[in-house]
Amino acid sequence: MLEVNEISKNFQRQKVLSDISFYAREGEILGLLGPNGAGKTTLMRILNQIVKPTRGHISFGEELLSEKHISKIGYLPEERGLYKTMAVEEHLVFLGRLRGLNKKAAIQQTQHWLEKLGILSWKHKRIEELSKGMAQKVQFIAAVLHEPDLLILDEPFSGFDPVNLRVMRHEIEHFKNEGKAIIISTHNMNSVEELCDRVLLINKGEKVLEGNVLELQEAQTELLFAVTFQGNMLAFANALWVGFEITEKKEVSEGIYEVTLQMRHDNDINNLLQTIMNVVKIIEVTTVKPSMEAIFTAHVEPQKEERSE
Amino acid sequence: MSKTAIITFRELKERLSSRSFIGMTVLGPLVVLAVIYLFLSMTATEKSTWNVLIMDKNELFENKLQPKEDPLFAVDFINAFVDYDEFAQNPQFEDYDLSVWINEKVVSNKNVIVSYREKPSEHVQRRLQYIVERRLEEIMVQEFTDLKLQEFRAVKQPLQFTLKDANDPKNKKATQNGWVGFSFGSLIVLFLLTFGMTILRGVAREKSNRIVELLLASVNPRQLLTGKVFGIGIAAIIQFTIWSFIIAVGLWVMRTTLFPDLSDASLVAEAARQGVSEVDVYANQSPFVELLFDQIQYTNMIVFFVLFFLGGYLFYGAFFAMIGASVGSESDGQQFVIPMVFLLLLALASGYYAVLFPGSTAVEILSFVPFTSPVVLMVDLAYGFGEGESWKLYFSLFLLLLSALGVFALAARIYKNGLLHFGHRLRLGQIMRWLKN
């Protein structure tokens, strides 16, 4: 669907993006991650043809990305704004028409989406009368009204209460199931784990990491195991000796502990079980996958340290 | 419908539905009419009928002033001279507003003294003078000549030396015409400032509420700029049309109901019948009334007003849009309006200069400078162009539109680069970089 090839962007002498390449496929959600100032917004503006890249090119389907693809892209920017004095329906029809819909289709689509999100009764309200969450829904409709093939969402979940958050997630998943390509930029790592199929991590304008969420988690696993047992904690720790390191421990109830262990040397789960099975009563042993937040931090922190040095 | 048209329509709709626009559309012309009403009230008849005592000791006028009764004057004759104190204090004369002393030697000295209780307006003075003069002519014909009245009027004029400008033989360049042009020019400046500020505030607001990013994902900056400027421009033209209509209706109502005798239609008709010269008729009208109802060539002035307003609006509007797109916040925008206001005041001052010194080299130059030409050309147009000079009008308009296109192209660059910069302090260097990119 979308293929970005070695995109770079300079603002005067400052390099904002450097040789970024990635792709977004139909029926897939790509998480665009990075700390503040990493270049995510610039990248999304380039994808939306708001700014031009200094170098590189972007393909949309079989063609180079151009103005004619505007109607096939939906965009929800992080900095959201609407004309405050316009009525909800009038505003959505206006934005829909700018995205290539004719007036009749824009009215029909507006009606459909307002009904779908249960906000049809707001259609004559002026934007300034809406709460932040209500305005967010209107902005989301503006992004999807023209049924784009590619949806670019910058922090789509900010400002929503848990109920509406679930509604939004459902809609995004629905789009994915319809075969649309979706790019989500967010700092909410739980959303990334729950929604995204792949992630692209950029930092200081450079691509740091790209891949399938599950594969990345497995690749980043440092052989961490969570063990739940009943018995003596001291005996347990003595048995481990130098082959394993306790990274976390807590007493779940009286005499029952939950401990996170990291393997040392060439030890594996068999060695662990052999070591502890005669000392305590094992209740559960599971592999601990690193959270996306941990992966994010692991890749961003070292670069921050380098910069501070 | 093109994207530019969609944006134009939205802008237009927003302006037309805004309370300030509706208020200005209705109140603006009413204020203009109120000012005109005040002027007319000052020059119009205060009383419907003036009681006039004509002191004609020798009964020269034979108790007769004019063939038909004039509703403005109720005339009585007295064959005595009443001095000022007696006229003022004697209860016998208290009903008279004016006394007219026809002295014995009036035929030779042409001197008539009028005393009043309440000063009559210039209009009433002129009318009274006109009537008395006509009667005097009849007497002179009767007493001293064998000529018919018409023949006498044809020859009675004393020798007059009239100085005329060789380049302007019809003496069109009377200053009052210039002021008409200046008024139209001032209206252009008022509209440019009002709607220029609307552009600036609109752009700055779109930046501050961040909708601009959503818009730029759908349209390019040039389409956005063009749509905005066109939409607001159409609103300005609509407002001007409504102003013109309300003022035209207002003037018509004033002329037919409130001040029916303003233009002295009867006087003009009577003068024509009696063979009185055109100069005499005009001498009997107030210059303001004459200017307002007879001299302004509304069609011509309005057509060129619209053309120069459009040129000036595109030219100045592009600057206002540039400022709106460059500033980091709406409040910053207010500061950067000062140079624009200064330029518009300069245009106004140039128009003033053109009224006082028409045809001077400086005015010639200013009439081609796009910053000042919308005002200066309105003054020039009011004075009129001599034969073979009308090219100046069209050339100036052409230069204005050409400059507007140039500034528009520059504005589009600033617009493209400045729109997505928020909360920064504006520096000249940055603007230069935006212009280069």
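Trainee: What makes a residue pair count as a polar contact between chain B and chain A, and how many are there?

Mentor: The count is seven residue pairs in polar contact, both residues at pLDDT 80 or more. A pair qualifies when N or O atoms lie within 3.5 Å; within protein, one must be able to donate a hydrogen and the other to accept it, and residues adjacent in sequence count only if both atoms are side-chain atoms. This is a predicted model, in which local features need pLDDT of at least 70 and side-chain atom pairs pLDDT 80 or more, while totals for chains, interfaces and linings use all residues. Residues are numbered from 1 along each chain as its sequence is written, chains are lettered from A in the order in which they are written, and side-chain values use heavy atoms, without hydrogens and water.

Trainee: Why is B:Glu213 with A:Arg45 called a salt bridge?

Mentor: The term needs a side-chain nitrogen of Lys or Arg within 4 Å of a carboxyl oxygen of Asp or Glu. The closest N and O atoms of B:Glu213 and A:Arg45 are 2.9 Å apart, so the pair meets the rule. Across the interface of chain B and chain A, the rule finds two salt bridges.

Trainee: What is the buried area between the chains, and which residues of chain B lose the most?

Mentor: Buried area is the accessible area (1.4 Å probe) that two parts lose on being put together, summed over both. For chain B and chain A that is about 2,300 Å², 60% of it on carbon and sulfur atoms. In chain B, the residues losing the most area to chain A are B:Arg10, B:Glu213 and B:Leu214, together 27% of what that side buries.

Trainee: How many residues are in contact across the interface?

Mentor: With contact taken as heavy atoms within 4.5 Å, 23 residues of chain B meet 24 residues of chain A.

Trainee: Why is B:Thr226 called buried?

Mentor: Buried means under 20% relative accessible area, exposed over 50%, partly exposed in between (1.4 Å probe, protein chains only). B:Thr226 has 15%, so the residue is buried. Leaving out residues up to four places away in sequence, B:Thr226 touches B:Thr4 and B:Phe408.

Trainee: What makes a set of residues a nonpolar core, and how many residues has the largest?

Mentor: Such a core is a set of buried Ala, Val, Leu, Ile, Met, Phe, Trp, Tyr and Cys residues joined through side-chain atoms within 4.5 Å. The largest has 146 residues, and A:Ile183 and B:Phe308 are among those with the most contacts inside it. Apart from it lies another core of 22 residues, including B:Trp50 and B:Met140.
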